[in-house]
Amino acid sequence: MENQNPVVRPFVAATDTKKLSGIWLDASLLAHPFIGASRLIEQRQLIEEKYLPNAETWVACHMGEPVGFISLMDTFIGGIFVAPDQQGRGIGRTLITHAVDRKGALSLEVYTENEQAMRFYTAFGFVEVSRRANDDEGFPFQNAHLRLKG
């Protein structure tokens, strides 16, 4: 796939919130169909009102338009999402590299059913530290805790 060499810039709430929550929803519907569309659509408001404003978020842009983002809570990746039509172009790798450059070692949790993400993180060098049977809301969706040494 074409590498777009995206520009990474800080999140600007006034102009980025709706666009990034749209990227989050589109990517989540693709990567997490097991959660269900109705639950994901309900969570979009939390993304806009709680998660984006309270995390250190970096936006990947191509030709000035947001195409992905990574949200950090210290060295924990709270979320990394790339627009589905932009996946496979090096954007996720660029975002994680940006986070490593800023923070060093990183960790994250990922749904184990999201096999594409599991492969991506493993290829990047993340190693599995532990698993848990339920997600943050108590639903039976297994999560893996992964760590990358900076």
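User: What should I know before reading the values?

Analyst: This is a predicted model: local features need pLDDT of at least 70, side-chain atom pairs count only at pLDDT 80 or more, and totals for chains, interfaces and linings use all residues. Residues are numbered from 1 along each chain as its sequence is written, and side-chain values use heavy atoms, with hydrogens and water left out.

User: Why is aspartate 16 called buried?

Analyst: Buried means under 20% relative accessible area, exposed over 50%, and partly exposed in between (1.4 Å probe, protein chains only). Aspartate 16 has a relative accessible area of 1%, so it is buried. The residue is found in helix 1. Helices are DSSP runs of H or I with at least four residues, strands are runs of E with at least two, and both are numbered from the N terminus.

User: What is aspartate 16 in contact with, leaving aside its neighbours within four places in sequence?

Analyst: Contact means heavy atoms within 4.5 Å. On that basis, aspartate 16 touches Arg9, Pro10, Phe11, Val59 and Pro66.

User: How do you know that the buried residues of helix 4 line one face?

Analyst: Helix 4 covers residues 115-124, and its buried residues are Ala117, Met118, Tyr121 and Phe124. Seen down the axis, they fall within an arc of 130°, so they line one face of the helix. The arc is that of the directions from the helix axis to the C-beta atoms. On the other side, Glu115, Arg119, Thr122 and Ala123 are exposed.

User: What do the buried residues of helix 4 pack against?

Analyst: Their partners are strand 4 (76-82), helix 3, strand 5 (106-111), strand 6 (127-132) and strand 7 (143-148). Just after helix 4, glycine 125 takes a positive phi of about 120°.

User: What makes the span of helix 3 close to the expected one?

Analyst: The expected span is 1.5 Å times one less than the number of residues. Helix 3 (residues 91-103) has 13 residues, with 18 Å expected. From its first C-alpha to its last, helix 3 reaches 18 Å.

User: Which residues of helix 3 are buried, and why are they placed on the same side?

Analyst: The buried ones are Ile91, Gly92, Leu95, Ile96, His98 and Ala99. They cover an arc of only 155° around the axis, which puts them on the same side of helix 3. Glycine 104 follows helix 3, and its phi is positive, near 85°.
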